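Dear colleague,

Please find below the structure that I am handing over to you. My findings are set out after it.

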Amino acid sequence: MPHLNSTIFRPSVLTLTGIPGLESVQFWIGIPFCIMYIIALLGNSLLLVVIKVERSLHEPMYLFLAMLGATDIAISTCILPKMLGIFWFHLPTIYFDVCLLQMWLIHTFQCIESGILFAMAMDRYVAICDPLRHASIFTQRLLTQIGVGVTLRAALFVAPCLILIKCRLKFYWTTVVSHSYCEHMAIVKLAAEDVHVNKIYGLFVAFSILGLDIIFITLSYIRIFITVFKLPQKEARLKAFNTCVAHICVFLEFYLLAFFSFFTHRFGYHVPSYIHILLSNLYLLVPPLLNPIVYGVKTKQIRDQVSKILYCNYSY
């Protein structure tokens, strides 16, 4: 049991430090972060408009992409306004319950994004390995069920992280969170009580959602590549590969950053804290920035529609 005189009982307000060790340059770090956020907002919003307006893009692959764009907008909006408030306006305080809400939203949207990437991989798997049944399998009803399913899975799996902090942890060593946003482990480390249950459940969520998703995505693409290599015509092989390149780029950028950030935060004890924080920030900001760019460059239908919109506006 912690000593009552040296701990704080259920603090009402926490203080986010930003990036420990880089306080003197946080103002300048905020500039590229803000630019990344604006580009991510514009890119994903344009993607959503193009997919909504153009009926030829009302297909599973593009509808999943619209879900991904909406999730990217949500996850970057969860962290950037408060982060820039810390960097630029010296507003580090946040209510404890608001901090828990931000934590829940961030991790929920991360899990939703992983679920959407898994659904996109399954879509490509059926489209290439069993094309005749693709339209009958990926119906509008199934797409709705997938959207609801990945959202509920994420929300319900992450909710106990919030509940365990709120209900189990009463005494805290400090109210200063060494992070630029409310991250699960950053809050748990403040507690002056046994946090093994919190840590174990956090690992369980990470591996049961992100871990299983990446395993199934990898298996699906192995099966896709085997099928593609068996195609008799070179043109058919190139076309099949081209439809997968953008997906693979997005998968790699999301999961490599996710697991690198995850493991350095938990096991990289010799890595400076500012590296942890910068990696965590990039993990949440880089995918929303790159996803619309990758799909816009690699997907001809989207590229053509964006060009049409821009050309019409320019002509007007």
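Predicted model: local features only at pLDDT ≥ 70, side-chain atom pairs only at ≥ 80, totals over all residues.

The protein contains 10 helices and five strands. Its radius of gyration is 22 Å, close to the 20 Å that the globule rule gives for 316 residues, so the protein is as compact as a globular protein of that length. The C-alpha trace spans about 75 × 45 × 35 Å along its principal axes. Of the contacts with a separation of 6 or more, 81% are between residues 24 or more positions apart.

Buried residues account for 49% of the 316 residues. The largest nonpolar core has 91 residues, and F33, I51, L68, I79, L117, I165 and Y255 have the most contacts inside it. Beyond its neighbours within four places in sequence, I165 is in contact with F96, L100, M103, Y172, H184, I187, V188 and N198.

As for the surface, the protein exposes about 16000 Å², of which carbon and sulfur atoms supply 71%. There are 23 positive and 15 negative side chains, and the centres of the two sets lie 4 Å apart.

Two residues deserve a note on backbone geometry. Most residues other than glycine have a negative phi. R10, in the loop between β1 (8-9) and β2 (13-16), has a positive phi near 40°; R10 is partly exposed, at 43% relative accessible area. H90 lies in the loop between α2 (60-89) and β3 (93-95) and has a positive phi of about 55°. H90 is exposed, with a relative accessible area of 65%.

Yours sincerely

Note on methods. Residues numbered from 1 in each chain as written. Heavy atoms only, no water. Core = buried A, V, L, I, M, F, W, Y, C linked by side-chain atoms within 4.5 Å. Buried < 20%, exposed > 50% of the residue type's maximum accessible area, 1.4 Å probe, protein only. Contact = heavy atoms within 4.5 Å. Helix = DSSP H or I, 4+ residues; strand = E, 2+ residues; numbered from the N terminus. Rg over C-alpha atoms; globule rule 2.2 N^0.38 Å. Areas by Shrake-Rupley, 256 points an atom, 1.4 Å probe, with all protein chains shown as cover. Lys, Arg positive; Asp, Glu negative; His and termini not counted. Charge placed at Lys NZ, Arg CZ, Asp CG, Glu CD.
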